[in-house]
Amino acid sequence: MKSICVYCGANAGARPLYAERARALAAALVDANLSLVYGGGNVGLMGVIADEVLRLGGEVTGVIPTALVEREVGHTGLTRQFIVKDMHERKAMMAQLSDGFIAMPGGLGTLEELFEMLTWAQLGIHDKPVALYNVDGFYDRLVDFIGHAREEGFIHPRNAERMLVEESPAALVALLKGRRGA
């Protein structure tokens with residue numbers, strides 16, 4: 001495992017805790033010698049995690065659509081930055097460049113990216129681990145909903161189990177590394 005794609009918000013969230021935990025995840029990635037792949041922005045949690053990985057000496061690859069370069073203030077100091085045509089190309093390239101996926105706290109875009117990777121795993125498009133970084137219980141209700149959908153027969157148990165959940169950045173990185181190809 002060489003690189004992890006982190007999905008996160010173009011907003012920083014309502015509490016400073018989210019930025020603090022983004023920096024902690026950055027440290028865990030660098031400590032594990034993993035590079036960061038992310039959406040290429042310089043704002044919100046995207047900017048926080050990218051800046052921290054770079055500050056700690058890690059590598060960061062950004063993938064951002066042309067239309068969002070100005071809107072999300074495309075990061076100019078990355079190890080590598082790919083400017084692509086649209087969101088579909090962005091997500092496909094991020095998936096191709098990554099050996100696993102983490103969804104930090106975020107909004108609709110983060111959730112959409114998370115569920116696309118879970119769906120692709122379910123369909124056999126990839127066999128990479130997908131995880132939630134459950135900062136201060138941020139994803140507890142989502143985890144409960146997935147359990148409910150499983151109990152109601154809409155999500156097969158093996159597919160529900162694909163979504164790994166962890167609160168500790170170091171444990172999260174270790175979990176992904178241990179589940180490679182799961």
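User: How many positive and negative side chains does the chain have, and how far apart do the centres of the two sets lie?

Analyst: The chain has 18 positive and 22 negative side chains, with the centres of the two sets 3 Å apart. Lys and Arg count as positive, Asp and Glu as negative, while His and the chain ends are not counted. Each charge is placed at NZ of Lys, CZ of Arg, CG of Asp or CD of Glu. This is a predicted model, where local features need pLDDT of at least 70 and side-chain atom pairs count only at pLDDT 80 or more, while totals for chains, interfaces and linings use all residues. Residues are numbered from 1 along each chain as its sequence is written, and side-chain values use heavy atoms, with hydrogens and water left out.

User: What makes the chain as compact as a globular protein of that length?

Analyst: Let's begin with its make-up: eight helices and seven strands, which are DSSP runs numbered from the N terminus (helices H or I, at least four residues; strands E, at least two). The radius of gyration is 15 Å, close to the 16 Å from the globule rule for 182 residues, so the chain is as compact as a globular protein of that length. That radius is taken over C-alpha atoms, and the rule is 2.2 Å times the number of residues to the power 0.38.

User: Why is the pair of Tyr-18 and Phe-138 called edge-to-face?

Analyst: Rings of Phe, Tyr and Trp (its six-membered ring) pair if their centres lie within 6.5 Å; planes under 30 degrees apart are stacked, over 60 edge-to-face, and the rest tilted. Tyr-18 and Phe-138 are 5.9 Å apart centre to centre with 80 degrees between the planes, an edge-to-face pair. Tyr-18 lies in helix H1 (residues 16-31) and Phe-138 in the loop between strand S6 (130-133) and helix H6 (140-151), so the pair ties together parts 120 residues apart in sequence.

User: What makes the pair of Phe-138 and Tyr-139 edge-to-face?

Analyst: Their ring centres are 4.8 Å apart and their planes stand at 90 degrees, so this pair is edge-to-face.
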